[in-house]
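Good morning, and thank you for coming.

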Amino acid sequence: MAIESLLIIIGVLAVLLIVGVPISYSIGIASLVAILQTVSLDVSVVTGAQRIFVGMSKFSLTAIPFFILAGNLMNQGGIAKRLVDFVMAILGKLPGALLVTNIGANALFGAISGSASAAAAAVGSMVEKGEEEQGYDKALCAATNGASAPSGLLIPPSNALITYSLAAGGTSVAALFLAGYIPGIIWALCCMVVAVIIATKKGYKGIPGKFDWKNLGVATLRAIPSLSLIVVVIGGIVGGIFTATEGSAIAVVYALILGICYRNITLKSFWNIVVDSAKMSGMVVFLIGVSNILGWVMAFTQIPQAISEALLGLTQNPIIILLIMNVILLIAGTFMDVTPAILIFTPLFLPVVKTFGMDPVQFGLILVYNLCIGNITPPVGNTLFVAIKVGRSTLSGVMPYMLWYYVAILVGLLLVTYVPFISLGLPMAAGLL
């Protein structure tokens, strides 16, 4: 029954997505169709409605709308330019200085805004003029911008990690947040290595002269208010001063005050930001609620147990099992957004990795890292297409450079997958594990 239910879910979901049905409705319909084998229509519909309500009623979900609002306030708050100047002051001497700056600023802005696409749009537009003036290859700049933007999704505060916490049955958000730093930095460093190598071959030099400490001091002072958001929110959550939900509300207040002080947020723009955030939050929260039906169906039909038995029957080697999972997640990520993919694959694969002792925190980072790669991989690849548009390039021009970035990012994925300390080191040091 479990395998039949899984095939029904996959088949119905694929058909509905192909014909253009929204992902939230597709998940709900596919789940109900699968359960009709064993449960009558009236009972399954009523139970499905109950599961949606239960899924949307979790207090911890409140953090997601607040972080979305905080991110949108930051996007409009004029912080991108300050972060670009800050990173440029630090890394400007490296070959391909503007490429490296783009990568570093994407990691910082993506972490603050919580959106890879927003980072690619905001930071990419900031460095584009300088890159054009210095004769940089447009396709290379767009590829660099797109490849590095998802790194910020791993660095907290991260809605993807909050979603995983809910899907995993309450894995510590504080531990997940701390665990995201090193994988996110690894992603950015992998991109920097590629950028420096290509820039060296093309003869793109850094800023001439000695290191300018005065410029660094000025840039740091201008960037500190924006960077402090991460320190205040994450420090408070990890230190036990407030919960992730309370921290998200503090982030909203902080971002609003910062935007007003920078004079980039008016009463009209604030209203538009609130409306946009409400629409986005509604979609995300409803998707989580509907995905609760899928979780119930999987538990009822014992799909996770069947998947676990199938993989363990294929091989007992954790290295091979994790490699198979990575391949599946990489393929799925090219067609699905991060949030629904987390909600679908967490209940499928988490029980499997638990059988050989993997910590749920480490698996959460493996899962999100995989799905973030899908953000920059066609045919969906939303972040990549934003970067191409901002960089005024083409997909055919960008892809030769993206192949090099894919190789580097996949090396980072293997490190996150097979070196537990990368994900677990900071949470263990903080006493969260």
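S248 is found in helix α14, residues 244-261; helices here are DSSP runs of H or I with at least four residues, numbered from the N terminus. The model is a predicted one, in which local features need pLDDT of at least 70 and side-chain atom pairs count only at pLDDT 80 or more, while totals for chains, interfaces and linings use all residues. Residues are numbered from 1 along each chain as its sequence is written, and side-chain values use heavy atoms, with hydrogens and water left out.

S248 counts as buried because its relative accessibility is 0%; buried means under 20% relative accessible area, exposed over 50%, and partly exposed in between, with a 1.4 Å probe and protein chains only. A polar atom of the S248 side chain lies 2.5 Å from the backbone oxygen of T245. Beyond residues up to four places away in sequence, S248 touches T62, A63, F66 and F67, where contact means heavy atoms within 4.5 Å.

Next, W187. Its contacts, leaving aside neighbours within four places in sequence, include A147, P150, L154, Y369 and I409. W187 is also among the residues with the most contacts inside the largest nonpolar core, which has 154 residues; such a core is a set of buried Ala, Val, Leu, Ile, Met, Phe, Trp, Tyr and Cys residues joined through side-chain atoms within 4.5 Å.

Finally, the surface. Which helix holds L323? L323 is in helix α17, and it counts as partly exposed because its relative accessibility is 40%.

Terms used: Helix = DSSP H or I, 4+ residues; strand = E, 2+ residues; numbered from the N terminus. Polar contact = N/O pair within 3.5 Å; in protein donor to acceptor, adjacent residues only side chain to side chain.
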